[in-house]
Amino acid sequence: MTAAVVVAAAYVQREVEARPLEEGPAGAAPSGAWFCPHGGGPEDWEVVLELANPGGEPVPVRIRDLGARKSTTPKDYTVEPGTTLQVPVSAEGRERASTVEYFGGWVAAGWVSHAGGGEGGVAAEPCVPEASHRWLLPDGATQENDDDYVVVMNPFATDAVFSLTLLTEHREPIRTEDWTNVTLKPFHSAAFRLSTKALGETTVSTIVDVSVGRVAAATLGVSEAGGIRSAVGLLGAQPVAILPGGFDQGRTDLVVMNGGPDRTGLSGELSDPEGSQPVAAFAESSPAGGSARTITLTTGSPSSVSFAADGEDVAVVRRTYGIASDQGATAGAPRASSAWIVLPAVYGSPAHPGLVLTNPGDATATVTLSVLPGGEAPGPGPVTVEVPAGRTVQAPKRFVEAAPRSAVLAVATTGTFVPAASSYSRGREGIAAFAVAVGVTIPTGWVPPGTAP
């Protein structure tokens, strides 16, 4: 099955309004922003923003930390051409968030979190390119040992007012007075602990409806037995998704939320290096309106799920489990593209990075991978990978492991694809923590010259 969906162009977000990102004609000097609701925790948590510049000119960036108190003074950095820059930011408190403004070029941005203070694991996600009036956040659980949160950030100079609705497998939608018409001050962020409203649930998904202003949101999962994970929110309904992953223990949970009034049908395919096949579990797992459901699959490595729903307010997140029990989560991508940045999903050393490529289309994708060095040796030269139609493959291990903390520029000369980092790091052997993060699409016109088809 070919997964396809119509999506809006990337947006530039300033303090007052959003406008479309220009395509980068000669002499253009665009500016834009990324919003990173990464969260944090107690003492010894660490968060690093990963910034990658695939272009030929330096790009100035400005980073601001957001939390429950007045935000810090922004700090200025420069991302050199063809490189990756790591910037540590504050991780004090569950509500922590960051903004990344860029000027005169384009950069990709994401985060990697490392839990501390008695908590463990690594989580990674791309930041989001716009704030919105509505977010769907499928990933959440409140069973014993689960301590999951929704992180909401207001990156603008005016108040934001929003309400949260929780969806579970069997209860009616949960709306409470104290989570209705919540006011979030300018340049602040807040965290909402799901177990305080829906304790003991296998699945707790969240709808964030904004009545004043705009916000960005993500989930932060903290499990005593399973490490940490992050998943960015989805901008309204996303009934089609491509969800790559790999190098896990073979268990995948698809967390599906249905915010509409009616039951929705599900369909999709699971692809691996040998081919693709329909996911039979979807036929008997359609969630009722106003509910959420977790569907467990057995998957190979690497693998990808192409997901589709016939409802109007449906979204999905893929959760996978590392070999040492740390979890990874990804919201995937709504469509395949020909040019991506894959940001690192490892923290510290030792590390075992992994990169998977899935092709949900009908024609082979020929993909060139190039390292954007991040303070390491220059790294290996470019490599070319063939991704057959309807299959998921891994990038050459020697290429990926040569520069574990560097972003990768991935451009197809034929066909389209979706990449993801699926990586291990920390511990004595570098396999204690596991994280998954889908790639970042490069806007049309900002693909480096000589790499576009």
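**A walk through the predicted model**

Where pLDDT is low, the predicted coordinates should not be read in detail. This is a predicted model, so please take those contacts with that caution in mind. For the protein chain, the mean pLDDT is 91, and 92% of its residues reach 70 or more.

Next, have a look at the cysteines. The structure holds one disulfide, and its partners are Cys 36 and Cys 127, with an S to S distance of 2.1 Å. A disulfide is a covalent bond between the sulfur atoms of two cysteines. What does this one tie together? Cys 36 belongs to strand E3 (residues 31-36), while Cys 127 sits in the loop between strand E10 (122-126) and strand E11 (134-137), so the pair links parts that are 91 residues apart in sequence. The angle about the S-S bond is 105 degrees, and the link of Cys 36 and Cys 127 is right-handed. Are these two cysteines buried or exposed? Both Cys 36 and Cys 127 are buried.

Four strands form an open sheet in the order E15-E12-E17-E18, with antiparallel pairing. At its edges are strand E15 (188-193) and strand E18 (227-232), each of which pairs on one side only. From one strand to the next, the twist averages 20 degrees. Strands of a sheet pair through backbone hydrogen bonds, either parallel or antiparallel. Here, strand E12 (residues 149-154) runs antiparallel to E15, and six bridges join them. To find your place in that pairing, look for Met 153, which stands opposite Ser 189 in E15.

Notes:
Residues numbered from 1 in each chain as written. Predicted model: local features only at pLDDT ≥ 70, side-chain atom pairs only at ≥ 80, totals over all residues. Heavy atoms only, no water. Disulfide = S-S within 2.5 Å. Helix = DSSP H or I, 4+ residues; strand = E, 2+ residues; numbered from the N terminus. Buried < 20%, exposed > 50% of the residue type's maximum accessible area, 1.4 Å probe, protein only. pLDDT = per-residue confidence, 0-100. Pairing = 2+ DSSP bridges. Axes fitted to C-alpha atoms, helices over the stretch in contact; angles between N-to-C directions.
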